[in-house]
Amino acid sequence: MALLEISSLSKSFRGLRAVANASLEVPEHGIVALIGPNGAGKTTIFNIAAGVYAPDGGEIRFAGRRIDGLRPDQICAAGIGRTFQIVKPFAGLSVLDNVIVGALQRCRTVSDARALAARVLDQLGLGGKRDLPASSLTLPDRKRLEVARALATRPQLLLLDEVMAGLRPTECDQMVEVFRELNSRDGLTILLIEHVMRAVMALARQIVVLHHGEIIARGAPAEVVRNSAVLECYLGEDAEV
Amino acid sequence: MNRRAQTLLALLALALLVLPAFASNYVMSVATLILFFAFTGQAWNVMMGFAGQLSLGHSLYVGVGAYTAAGLFFHYGLGPWAGLWLAILLCVLLGAAIGFLAFRFGISGVYFALLTIAFAEFTRIGFDHIDWLGGPGGLFIKVAQRDQIDLLNFRGPPAMYYYAMLALAAGALALCAWLLRSRAGYYWQAIREDEEAAQALGINTFRWKMLAVILSAAMTAVSGVFFAFYYNNLFPEQIFHISRSIEIILGPIIGGIGTLFGPILGAAVLTLLADGITELMSAFGIEIPGVKQVFYGIVLLVVIMFLPNGIWPTLARRLGIARQR
Ligand SMILES: Nc1ncnc2c1ncn2[C@@H]1O[C@H](COP(=O)(O)OP(=O)(O)O)[C@@H](O)[C@H]1O
Ligand SMILES: [Mg+2]
């Protein structure tokens, strides 16, 4: 049984079909990448999995339990952490306080949460900036902060929405290394939306391709990048015209 | 809090404790008023400054708190110690009703603020029709002998009211300082900064916003009880009026929303300056109605233009006190 099972998921916004009958699974301790052009519906799938919207159809199970329709805080408590593609730092709080908020999910006291938050920040290379206000961070650092906050909730499954965007190749490799270690050492399961193929190829054991809300291909990274349908949706569409 | 801040706070506390020994009754009344606004502003700040929920109807809780305690005293001779609990209970229920309506049905931001105004206004109109509490003609409770301290009925000399208000203001400060460092403080600030992100991190935002409203209402109910026994007369037209709500929130806005000392500093600055202006004008024999409100507007304008975060954050830096959260 997979840790996350998304079956026949559908969601429309005012008649616009954002997700159409999409099914995908993330095995426990696995890393799966969800790719596809802008507007394909990737973030919408995350938002449904994280409880922001209820689906129009289909269901989502986490560790065997139905979670679609639960509130975001209940889904976090169940063990799913998520980042936002459009970052949402608590701008007026310090970097450390941002992460403490997440850490309080699993810690009984604020001082325990502070210790956990400090560890997570070190892990992501933000330790030196912990006392800065979050509003002063650069975009790559804000992306790191998103990850740190989500990780501090001690999730079993982490949903990453384009966290590599804007990172330089070396920074991207560092971030990849962090996720690899979390996956191999702590058994963290990861579902990531990513355009940076360098990171996708380095991390994912399986790639799922979404186009116009539908899943058009899935498989091992090497297969998927050779798939003609995939190449077409990224390059072909307009080329034909 | 660093060394310097502790010393300054201790000095301030000492000065406030010994003030009645030196001050005239007039000075005492101004000081009591400052502490009243500091306490009430602190209560409002829990909701707006900490949790980001703007109430423009806090006069509701002052009024209901005041009328509850005054009514029990007037009709049954019950002192404020009994009335206090009923006042708190009623205000908590009112706050919970407003919070439930708003947070369940997604009323937020400006619409939430309007809802708080609506509750205060409807209550004001409602109280005009409660004859048992004097209706529009007002409710008057017997003015005390000013030289005897009667703690049970909370009647006594100005110093008694001053010390009571000082204890309340100090207690509210301590409570808020503790809250801000606790789970509630982190969760409220997270909700204030970004509610969606807060929810994604496991915070049941409905529950924590409700807690902020309820706590703020309960604290403000205490202000109301004090108000009733200090001023001895209540009129719906005045106590529930929106200008009262505005007066309550000006202190924290000018001092610094979301800070611990902002409400205190703001209350002092506003009350002292407004009183100074009034005194000055009467010294010259000028009488212009509404001059205080105009003055409030000017101060607000100046602070918003030059110190949008309020006076306290800048002052704290100047004093060499570490930036408080
Ligand atoms: N809250 C929303 N309201 C209306 N339309 C939305 C909303 N969220 C997403 N959409 C639409 O759904 C489609 C898929 O969006 P999204 O899931 O963000 O795509 P992706 O993340 O793959 O770029 C887009 O056409 C987008 O405009
Ligand atoms: Mg997206």
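Is F154(B) buried or exposed? At 9% relative accessibility, F154(B) counts as buried, where buried means under 20% relative accessible area, exposed means over 50%, and partly exposed lies in between (1.4 Å probe, protein chains only). This is a predicted model, in which local features need pLDDT of at least 70, side-chain atom pairs count only at pLDDT 80 or more, and totals for chains, interfaces and linings use all residues. Residues are numbered from 1 along each chain as its sequence is written, chains are lettered from A and ligands numbered from 1 in the order in which they are written, and side-chain values use heavy atoms, leaving out hydrogens and water. Helices (H or I, at least four residues) and strands (E, at least two) are DSSP runs, numbered from the N terminus.

**The 4-stranded sheet of chain A**

- Strands of a sheet pair through backbone hydrogen bonds, either parallel or antiparallel.
- Here, an open sheet of 4 strands in chain A has the order 2-1-4-5 and antiparallel pairing; two strands pair if DSSP finds at least two bridges between them.
- Strand 2 (16-26) and strand 5 (65-66) of chain A are at the edges with a single partner strand each, so one side of each has no neighbour in the sheet.
- Strand 1 (residues 4-13) of chain A is joined to strand 2 of chain A by 7 bridges, and the two run antiparallel.
- L4(A) has V26(A), in strand 2 of chain A, as its bridge partner.
- Helix 1 (residues 42-49) of chain A lies across strand 1, strand 2 and strand 4 (57-62) of chain A, at about 115° to strand 1 of chain A. Axes are lines fitted to C-alpha atoms, for helices over the stretch in contact, and angles run from 0 to 180 degrees between N-to-C directions.

**The 6-stranded sheet of chain A**

- Another open sheet in chain A has 6 strands in the order 6-7-8-3-9-10, with mixed pairing.
- Its edges are strand 6 (80-82) and strand 10 (214-219) of chain A, each with a single partner strand, so one side of each is left without a neighbour in the sheet.
- On average, neighbouring strands of this sheet are turned by 15° against each other, direction ignored.
- Strand 3 (residues 31-35) and strand 9 (residues 206-211) of chain A run parallel, joined by 4 bridges; I35(A) stands opposite V209(A) in strand 9 of chain A.

**Two helices side by side in chain A**

- Helix 5 (residues 139-152) and helix 6 (residues 169-186) of chain A pack at an angle of about 10°, with their axes 13 Å apart.
- These two helices of chain A are therefore roughly parallel; angles under 35 degrees count as roughly parallel, over 145 as roughly antiparallel, 65 to 115 as roughly perpendicular and the rest as oblique.
- R144(A), V147(A) and L151(A) of helix 5 of chain A make the contact (heavy atoms within 4.5 Å) with E171(A), M175(A), F179(A) and L182(A) of helix 6 of chain A.

**A helix in chain B**

- Helix 9 (residues 205-231) of chain B is mostly covered, with 22 of its 27 residues buried.
- Just after helix 9 of chain B, N232(B) takes a positive phi of about 70°.

**Positive phi values in loops**

- Most residues other than glycine have a negative phi.
- H29(A) is not a glycine, yet its phi is positive, about 65°.
- H29(A) lies in the loop between strand 2 and strand 3 of chain A and is partly exposed, with a relative accessible area of 42%.
- F154(B) is also a residue other than glycine with a positive phi, near 55°, and its place is in the loop between strand 1 (139-140) and helix 6 (158-181) of chain B.
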